[in-house]
Amino acid sequence: MSVKQIVVISGKGGTGKTVITASFAALAENKVMADCDVDAADLHLLLDPRIEERHDFKSGVTAVIHKDKCTQCGLCRTLCRFDAIGDDLTIDPVSCEGCAFCSFACPSKAIEMKENTAGEWFSSQTRFGPMIHAKLGIAQENSGKLVSLVRKKAKEKAEHIGADWVIIDGSPGIGCPVIASLSGVDCALVVTEPTLSGLHDASRVIDMARHFQIPVFLVVNKYDLNIEMTGKIEEYCRKEKVPFIGKIGFDKTVVEAMVRGKTVIEYSDGEITQRMEDIWSRLQKEVSYGKG
Amino acid sequence: MIISIASGKGGTGKTTVATNLALSVPHARILDCDVEEPNAHIFLKPEIKEKVPVFIPVPKIDKERCNGCGRCKEVCVYNALAVLKNDVLVFSELCHGCGACAYFCPQKAITEVNKEIGVIETGNSRTSWGGDLEFIHGKLNIGQAMSPPLIRAVKKYIDPAGVNIIDAPPGTSCPVIESVKGSDFCILVTEPTPFGLNDLILAVEVLRKLTIPFGVVINRSDLGDRKTDDYCRKENIAVLMRIPFEKEIAAAYSRGMTIVEVLPHYRERFQAMFEMIRDGKKK
């Protein structure tokens, strides 16, 4: 079969995406893991990757004014829409969007656009197989492009070794990195928690996934912290025809396992491991049958 | 004064700290800059008085005037324009709205038209002791990738004379930087777990690069391990407040209620934290 790609997303942060993704790493056979939460990556803390290849991620440009050529005409400052050029005609690299408008317009050709090293990406091995991950540079932009790069490399790796799955840890929100982590996947698993915020954010990320025609499934994590709210989320799923494929109880062993750098599957034989297995096997069936 | 609340890792309690702080400081205003997933309204239940759509300018090609010279494509670093034989295609979702294409078009064939990316809602929240809290949030339209222009628009509502509390999105990339930029102080909310610490360190690096003073709030402070405390001590980072895991807080949160509503003595703790930040700034 061709490689199937699954992304784990949530809308709201801190609902348990990475813990669940890491469990899938322990449960799924013949897969490549990809951490697409590039600006706050955590999956490596549980999978302990041994980096085999390390590459710079070059992306975007930042304006630099050469003072010796500058005639202080101020045109650049007038044209810049990102307030990146100060009264003294110096560039604030954090505000600069790299649009190069100033550089094209400067009558004395005093503005150069310099390429940024916006981060690094890694090809690694873990005790569960290959993993592609990345680190966005401090206060760097273009996280969406870095996510796309991690996705591309993970898929190439999977095709190269004949893997069946690419399992992707996504980032919170609904903006550019999330869209990049979701485009073209076979399905998205939305992980939420039984709170009003959890439901609110899950419904926005589900609308977003559907906007891009991606099949979605939903899991409630720590469901027993508010049974009534879990009921409301199930009701929402029925109404919106989102397959509700499992609920996981609050379990102290999640943090204990995390402190030891283990997945819950390795750390616990309890209820939570059983639930994770059920969810993975259900997801596997849905994706395999759903697409023939 | 501008105090922003950020975190690195999501779900550590940014919105909890932001809303409770805003409710504990007299005459504050809260600006929810987590425009992808705004949540402060769930807890503050503001009466929304005004809704303002936010636009970015994107190019529109006048086919009568365009001669297909391709200058617009040359100056667009975002690849938002494709020049075909007798036509120019605009991919507005890639456009950052810089305006270079319209400026350089020799035929004056490009005008800029507004594309809606989200909406700003403003209003008031009544606090349980009768005061009023000014409420502002941005909501990104579903399917839009670029939140920074909307965050910039929300920040136009900052009151330079008052106390402004900014609820930032999680992470460390552009939306976070756009939200915290210009703050007098940033509160980083974390939890004492390996994930929380890993992402706290990333957030600290960002704030140091932006030279914004900051301190840490440790939420669910009795879970996890001691490494977050050790890190803060070693790095000389002030721990402003510890919020232990309490069933009452978690239960209130799940129903959309703030800590100060269910445990009113927390109001003094949040006030004390505010005073510590304010007085620290005066020195």
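A residue is termed buried if 20 or more other C-beta atoms lie within 10 Å of its own, exposed if 12 or fewer do so, and partly exposed in between, with C-beta atoms placed from the backbone. The structure is a predicted model, in which local features need pLDDT of at least 70 and side-chain atom pairs count only at pLDDT 80 or more, whereas totals for chains, interfaces and linings use all residues. Residues are numbered from 1 along each chain as its sequence is written, and chains are lettered from A and ligands numbered from 1 in the order in which they are written.

Helices (H or I, at least four residues) and strands (E, at least two) are DSSP runs numbered from the N terminus. By this assignment, chain A contains 11 helices and 9 strands. The C-alpha trace of chain A spans about 70 × 40 × 40 Å along its principal axes. Of the 292 residues in chain A, 54% are buried. Contacts are assigned where the C-beta atoms of two residues, placed from the backbone, lie within 7 Å. Among the contacts in chain A with a separation of 6 or more, 75% are accounted for by residues 24 or more positions apart.

In chain A, an open sheet is formed by 9 strands in the order 3-4-5-2-6-1-7-8-9, with mixed pairing; two strands are taken to pair if DSSP finds at least two bridges between them. Strand 3 (50–65) and strand 9 (244–248) of chain A are the edge strands, each of which pairs on one side only. From one strand to the next, the twist averages 20 degrees. Axes are lines fitted to C-alpha atoms, for helices over the stretch in contact, and angles between N-to-C directions run from 0 to 180 degrees. Strand 1 (residues 4–9) and strand 6 (residues 165–169) of chain A are joined in the parallel sense by 5 bridges, and A:Ile6 has A:Ile167 in strand 6 of chain A as its bridge partner. Helix 1 (residues 17–27) of chain A packs on this sheet and touches strand 1, strand 2 (31–35), strand 6 and strand 7 (187–192) of chain A, its direction making about 160 degrees with that of strand 6 of chain A. Helix 5 (residues 143–161) of chain A lies across strand 2, strand 3, strand 4 (111–126), strand 5 (129–136) and strand 6 of chain A, and runs at about 165 degrees to strand 5 of chain A.

Chain B likewise contains an open sheet of 9 strands with mixed pairing, here in the order 3-6-7-2-8-1-9-10-11. Its edge strands, strand 3 (47–61) and strand 11 (239–243) of chain B, each pair on one side only. Neighbouring strands of the sheet are turned by 20 degrees against each other on average, direction ignored. Strand 6 (residues 110–126) and strand 7 (residues 132–140) of chain B pair in the antiparallel sense over 9 bridges; within strand 7 of chain B, B:Phe135 is the bridge partner of B:Gly123.

Strand 2 of chain B is largely enclosed by the rest of the structure, because 5 of its 5 residues are buried. Both of its faces are covered, with B:Ala28, B:Ile30 and B:Asp32 buried on one side and B:Arg29 and B:Leu31 buried on the other. Strand 2 of chain B runs parallel to strand 8 (residues 163–167) of chain B, to which 5 bridges join it, and B:Leu31 is bridged to B:Ile166 in strand 8 of chain B. Strand 2 of chain B also pairs with strand 7 of chain B, in the parallel sense over 4 bridges, and B:Asp32 stands opposite B:His137 in strand 7 of chain B.

Helix 5 (residues 148–155) of chain B lies across strand 2 (28–32), strand 3, strand 6 and strand 7 of chain B, at about 160 degrees to strand 7 of chain B. This helix is mostly covered, 7 of its 8 residues being buried, among them B:Pro148, B:Leu150 and B:Val154. The buried residues of helix 5 of chain B pack against strand 2, strand 3, strand 6, strand 7 and helix 6 (174–180) of chain B.

The contact between the chains takes 52 residues from chain B and 51 residues from chain A. Helix 7 of chain B gives the most to the side of chain B that touches chain A, with 9 residues.
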